[in-house]
Amino acid sequence: MMDPAKLGRVIEAMDKRNLAGLLIYSRGTTFVLRPSYLHYFSGVRPVGKNTAAVVSRDGKAVLLVEPAWDACRLRSNTWITDVRGTSRFLEDLPALLEELKITGGVGVMGSEEMGVELYGAVSRRARIEEAGDIVEDLAGEKTERELRVIRETGKIADVGFKAFLKNARAGIREYELLAEIECAMRSAGADDIFILLSSGSHNQAMHAPSDRRLAPGDIVIGEITPAREGQFIQLCRTVVLGEPPPVLKEKYAILLEGLKQSMTEIRSGNPASLLSKAMNRVIGDAGYAKYCYPPFMRARGHGFGVGSIAPGAVIDDNTPVDLKRHQVVIAHPNQYFPETGYLACGETVLVTDRGPERLSETETKLYWNEI
Amino acid sequence: MQTIQPTLKRGRDVWDPIGMPESEFRTRVDRIVKEMRKRRITVLLLFGIGQDDYGCPCYVTNYLTKMPQGAMAVITDKGEVALICEGFARDAALIKDTTWVKEIRSSETLSRTCVQYLKEKRLLSSTIGFAGVRQHMPCREFEILSEATRGCRIVEADPIVNRMRMIKSQREIDQVRRAARLVARLFDSLARASFPAFNERAVEALIYRLGYLDGAEDVRILIARSAGARPRGQRPGEKDEPLRPPDDRMISGGDGVVVHLAVEFERYWAEGTRTYRAEGISLAESTPDAVRSLYGRITKGLVPGKTASGFYREALAKTKRSKMPFVAEYGLGGGIGLSSEEPPLLSAHDDTLLKEGMTMSLRLCVTTPETGLTMLGDTVCLSGNGPEILTAVFPQVICRSYR
């Protein structure tokens, strides 16, 4: 959650751009590769499909919530003192802009989530200017509480992996395996979860769990991603049912080396692209350069965060930005090999001035379960 | 009922072509095409997005959006169907496993891909029907579509699809029934479970585990706390707390806990609500008889032939006569199927005629002196034999004679 003390800086940013107000909107969805502006700004994740925080130039902030019954929860969890429930969001939001005397330019965050009618209603009242960068700039500086949540979530990912390893066995169905991982991470404090996993002798990609039963010799790949207070941390791991054949060990060793090399490039001030180039160099030198780029590969990493996912949703060889202190970044040399199929290997770290700080304790290696 | 949307639908994602065969979808498409021709619509665009509003395109394709991404089903008046999904190009191969539609395009710019498709099919100067587009499509996507279809006649075609979706086919009722059985089993398990660490997270974790183990595609839970369950004066100032997502709070003996569950099974939703009292490290159902009796009388009235608003007024009158204050914020419910909130709405303003084949989410929230905030809710099928509660642990069984 944004430190309410930062509201002054929000007002300053509005002044600089001559904005009469700010509108931070959410339709209640969370996308792992996009900032959740409203969640960060207000400190709460709404239940409903229409929630907006509106801030006037003189610093008055109002949270408008639909359905109205969710207002009670939001009131006790946000620093915003004026929380209003509504069942007529489309009419009440423009009225609120009028009440707060917001005419002229209004800085909007979350406009990409707005439907046609809502966008029209707001733009008839004020000129919409994109303003996501205001919150993203603030979110770049993490508070002690945010850092604590980031580290706690890393521990939940460890719990998730333990459940993955314990339950990945012949006979269990993919969706049953997911249920066990989910339960372990929820019990450990996760309030949202993103998991993709696949099994088979030659995986093409990761996907939602199917009815498939795990079989001896299967390669099981997973992206285990718990979230707490909007902060996601991801572990990408591969578990084999039975001792892996030498070719699999050999290919996985390439990924481990790629990850190791990319970690040496993670430090505040370094170009984010170095992380990707380091991985691609190792994998390319091993003879798989073709498989390092689309259509086989999209990104070598990305950021995670609530108010900002800087350095961005895609880290590849062409990412034009530098890493900054306290960004949360996953480096994942997840890779398709023609000999083994798709393998998962990846680690989320906190960027520091001295290098990457690992957020989970789970050893990065190829795992296998005895059958 | 609105519930917090997860980042990803993580549960079992399969298409069972026996339970929901291609012929079922083709029948739907044929009916839609018939309506299109009546209205001289050349091409119909059915848009859906995210974890809650996927119904329109899913109705004809079975495709499910599992993240906050869009999908568009395109139906021509010749009955051709295409599916355009927002996502990465590589996803197209995976999508094939869960839909009967052969023409699939996956791209990061849904509207542009849709426009490209319409161009290829020479449909950009025709009459285009929109369903789910104005309600759900993000404005920027809409602007692209709007600009490209400037020369076309646009027909708002939501009523075509909404009317069809309101009355479920037998196969759809069976899917809702399966989802409802999961809800019933979860409530039953909740009442049998012991929680050594008795907090809301533990309750939530159990529900997710059991729901996903039984093959749910998505599971949602809301919790409310009622103050009235403990002897008056034990915790002065304690108030009822409305429904919300579970958090880290502990549950202790005597606490009143309302649990609302929604489960999606192979695209179809069912939901229910129960009121419990914490006893030691367990939850015991604690709905007072007077509330059960009132709820029973209200449920009996949910029959084909009356309007949704008429049912609402009757239910409110029954509640008033019972002298239990009605908590209006949560409403009485409405249609349920591919969405947990779909027409008709059981409200004073919806005059839709209730018909056989509708599946409804019904709920009642009142306050009582014994338990404070008390909620009961079920998924109900409107059948020729009256309302059938699908979320009962032992659903009403109608034995037919086959002699």
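In the predicted model, strand β13 of chain B (residues 342–345) contains B:P344. The peptide bond that links B:P343 to B:P344 is cis, with omega at about 0°. A cis peptide bond is also found in chain A, from A:A310 to A:P311, where omega is near 15°. A:P311 is placed in the loop between β11 (301–304) and β12 (328–331) of chain A.

Most peptide bonds are trans, and most residues other than glycine have a negative phi. Two arginines of chain B have a positive phi. For B:R40, phi is near 55°; this residue belongs to the loop between α1 (22–38) and β1 (43–49) of chain B. B:R40 counts as exposed because it has 12 C-beta neighbours inside 10 Å, the cut-off for an exposed residue being 12 or fewer. For B:R122, phi is about 55°, again positive in a residue that is not a glycine. B:R122 lies in the loop between α4 (110–120) and β5 (127–131) of chain B, and is exposed, with 9 other C-beta atoms within 10 Å.

In chain A, helix α5 spans residues 116–125, and A:L118, A:Y119 and A:V122 are buried in this helix. These residues lie on the same side of α5(A), because they cover an arc of only 95° around the axis. An α-helix has 3.6 residues a turn, so residues three or four places apart point the same way. Within chain A, the buried residues of α5(A) pack against β1 (21–26), α4 (89–99) and β6 (127–130). Chain B also takes part in this packing, through α6 (139–148).

How values were computed. Residues are numbered from 1 along each chain as its sequence is written. Chains are lettered from A and ligands numbered from 1 in the order in which they are written. This is a predicted model: local features need pLDDT of at least 70, side-chain atom pairs count only at pLDDT 80 or more; totals for chains, interfaces and linings use all residues. A residue is buried if 20 or more other C-beta atoms lie within 10 Å of its own, exposed if 12 or fewer, and partly exposed in between; C-beta atoms are placed from the backbone. Helices (H or I, at least four residues) and strands (E, at least two) are DSSP runs, numbered from the N terminus. The arc is that of the directions from the helix axis to the C-beta atoms. Two residues are in contact if their C-beta atoms, placed from the backbone, lie within 7 Å.
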